[in-house]
Amino acid sequence: MASVASLSASLQQRVSAALAAAVPSATGADPLLRRSDRADFQANGVLGLAKRQKTNPQALAAEVVAALPASGGGGDDTIAAVEVSGPGFLNITVADAAITRNLAARAADDRLGVPVKEHPGVTVVDYAQPNVAKEMHVGHLRSSVIGDAIVKILEFGGEQVVRRHHIGDWGTQFGMLVQYLIEHPHELDHSAGEGDTGEASMSRLDRTYKASGALFRSDEAFKERARRRVVDLQAGDPETVALWQRFVDESKIYFDSVYQKLDIEIRDEDIVGESGYNDMLVETCDLLEKSGVAVWSNGALCVFFDDIKGKDGEPVPLIVRKTDGGFGYAATDLSAIRNRTGDLHADTLLYVVDVRQSLHFRMVFETARRAGWLTDEVTARHLPFGTLLGKDGKPFKTRAGESVKLEDLLDEAVQRATAVVREKGEKIGLTEEEITANGVQVGIGAVKYADLSTSLGRDYVFDLDRMVSLNGDTSVYVQYAYARTRSIFRKAAEGQQAAAHPELALEPAERALGLHLDAFGDTLAEVAGVYEPHRLASYLFQLASLFTTFYEQCPVLTADGGQAQVENRLFLCDLTARTLRQGLGLLGIRTPERL
C-alpha cells in the first residue's frame, strides 16, 4: 500500500518553495493553487505576498518563475511551462509524462494511492434512527443514506468509526402496546401464512399499534392500565420488559428488510436505542443539578441559555427532567454523550439528523460542554439535512396527505429503473436475470445518488423520472460510464492490454481525464474533512463526463498512434473504471458490469 501525492500537492510544494526562494521570509506561504481553465493550474499567492512586501507583483512573479524547476530543468520534469498572467497570476502547465507517471503509481496501488490517516481518531456517527413498531417513511431515507456514506468514507480514510443507530424504542406508547399484548397475547405470533418477512412483521406491528391506539382513545380503564404499565416498564418489571423486547425484535425483522432493500448494512451491535441509556438517566440529571448546570424551574429540571429566547422574549430552556418525573430526549442524548466520550473514547461525535433538530442539538452540546462531558479535545457536530419535497415543492406526501412509505418509494424506483435498463439492455443482449439485478442496482443507486448529490442542508425534489435518466447529473449516467469502460475491455482483442506509456504525448481530453483521476485522493480528504458526500458525487459526475468526452474524441481500440497508444488509452479506461467503482462504492452505490 503506497500513498501517492497528487500533482496538485506536488505543485503546491514546488511553488511554495519558489515563493520562499524569492522572499526568504515567506517560508511556508500558501501559493493559493487552483485548477484553471487558462492552464492546468493557477497560483494566486504572489499577489498577497507582493502586497505584504510592498513590491511589484509582476516582478515578484517573474522571480518565482525563475526559482521554479520548469521545462525539465534541475532534473524535475513535472512542470512543462509557467507563464505570468495579469497582475501576477502564475499559469502552470503540467508535463504529459508527469500526469501518466502519477496515474501509473495510483494504478499500482489497491487503494488508488489514497493515503490512510497517520493518526486516526474515533468517530461516532449517529444515523438511521427508525422507530420501533412504526413504519419507516421517506423521512428516514436521508439520515440512513447520508450516514452510511459518511461512515464508509471515514473508514476508507483510516478513521475508527463507531456506528450508532439511536432507534426510538422507549416512551409512553410502549405502555399501551405492552398492555394490549398482555390482553391479546397472540397479536405478534408468526402464523404459517404470514411468515417471517419484513412485510409480515410490519403488518403485525401496524395492526397492534392501530388496535391498541383505538382502545387507548376509547376506553378509560384500558388507558389507566396502559399508564400503569409504563411505570412497570420504567421500573424494569421482568414480564413487561420481556413483552417490550418482543416489539423491538419484531421491529428489527422489519428494519432489516428495509435496509437490505436500501443496500445498507445495519448490524445488531450498532443498534443502541433510547433504552440503551436508561440506567444513566438519573445520574445524568443528578450530575447536572449538583454542578449547577441545570436548575429546577416550574417543577422541571432545566438548563437555560442567555442567547436562546422564545418569540415572547422569555428564555427557552432545555428540559432534562419533566414535571411528572419522566425524562425527555435531552436526558437520553446527554447520557449518550457521556457514554460516547467516556466509555467509547470518541473524539468526534456526528449526528445525521434533520434540520428541525438544530436548536435541540445546539442546547444539548452547550449543556454537555458546561458539564465537562464535551471537552476541547472532542468535536460534536450536528449534520442537519433538508427535506424531501414532492414535485409541487411541498414536503413529499401521498395524495391522501400521509407520509410516503420508504419501501413503496424504493419499490417504485426499482420498477422505473428496470424499465430503463430493459430498454437499453435488450439491445445488448442482457438476460432477464441481468435486467432484474441491474434494475435493482440502478434504482437504489438513483435514490441514493439524488440524495447524496444534494448538499446536506438543502431540500430537494424527489423526481423518479429525472433520477433514472441516462442524461444529466444522475447515478445512472455515472454507472453507465463505468459499464462503458468494461464494454471496451470485452471488445479488446486478445493480447491488447492496459499499460501506462509516459513517453506519449496526451490529447487534451486525455489530459483533462488524467488530471481529474489524479485528484481522487484530494477529493476524499476534503469530503472526510467537512462531512459533505455531495462533493464526492460531484467529482464522480465530472469524472463520468470527462470520460465520455475522452471516449468520443480519443478512439481506444483503434487509436492511430500504434500499440503503445492503444495500451495507454486502455490504461486510462481501467483507472477510470476503478476510480468510479471505488467512489460509487463509498456512496453505497453498486456498479453493474453491463448496462
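In helix H11 (residues 329-343), the buried residues are Ala 330, Ala 331, Thr 332, Asp 333, Leu 334, Ser 335, Ala 336, Ile 337, Arg 338, Asn 339, Arg 340 and Thr 341. Buried here means under 20% relative accessible area, with exposed set at over 50% and partly exposed in between (1.4 Å probe, protein chains only). Helices (H or I, at least four residues) and strands (E, at least two) are DSSP runs, numbered from the N terminus. That leaves H11 mostly covered, with 12 of its 15 residues buried. The model is a predicted one, in which local features need pLDDT of at least 70 and side-chain atom pairs count only at pLDDT 80 or more, while totals for chains, interfaces and linings use all residues. Residues are numbered from 1 along each chain as its sequence is written, and side-chain values use heavy atoms, with hydrogens and water left out.

The length of H11 checks out: at 1.5 Å a residue its 15 residues should span 21 Å, and the end C-alpha atoms are 20 Å apart, which agrees. The expected span is 1.5 Å times one less than the number of residues. Just past the end of H11, His 345 has a positive phi of about 55°.

As for what covers H11, its buried residues pack against strands S5 (122-126), S6 (160-164), S9 and S10 (348-351), and against helices H10 (281-290) and H12 (358-371). Contact means heavy atoms within 4.5 Å. H10 and H11 pack at an angle of about 90°, their axes 9 Å apart, so H10 is roughly perpendicular to H11. Axes are lines fitted to C-alpha atoms, for helices over the stretch in contact, and angles run from 0 to 180 degrees between N-to-C directions. Angles under 35 degrees count as roughly parallel, over 145 as roughly antiparallel, 65 to 115 as roughly perpendicular and the rest as oblique. On the H10 side, Leu 281, Glu 283, Thr 284, Leu 287 and Leu 288 meet Ala 331, Thr 332, Leu 334, Ser 335 and Arg 338 of H11.

H11 also lies across S5, S6 and S10, running at about 145° to S10. These strands belong to an open sheet of 4 strands, ordered S6-S5-S10-S11 with parallel pairing. S6 and S11 (379-382) are the edge strands, each pairing on one side only. From one strand to the next, the twist averages 15°. Two strands pair if DSSP finds at least two bridges between them; S5 and S6 do so in the parallel sense over 5 bridges, with Val 124 opposite Val 162 in S6.

Elsewhere, S8 (residues 300-303) pairs with two strands. With S7 (residues 295-297) the pairing is antiparallel over 3 bridges, and Ser 297 stands opposite Ala 300 in S8. S7 and S8 make a hairpin with 2 residues between them, and Asn 298 in the turn has a positive phi of about 50°. S8 also pairs with S9 (residues 318-321), again antiparallel over 3 bridges, where Val 303 has Leu 318 as its bridge partner. Ala 300 and Cys 302 point one way from S8, Leu 301 and Val 303 the other way, and all are buried.

Finally, Gln 42 sits in strand S2 (residues 41-43) and is buried, at a relative accessible area of 14%. Its side chain makes a polar contact of 3.0 Å with that of Asn 91. A polar contact is a pair of N or O atoms within 3.5 Å; within protein, one must be able to donate a hydrogen and the other to accept it, and residues adjacent in sequence count only if both atoms are side-chain atoms.
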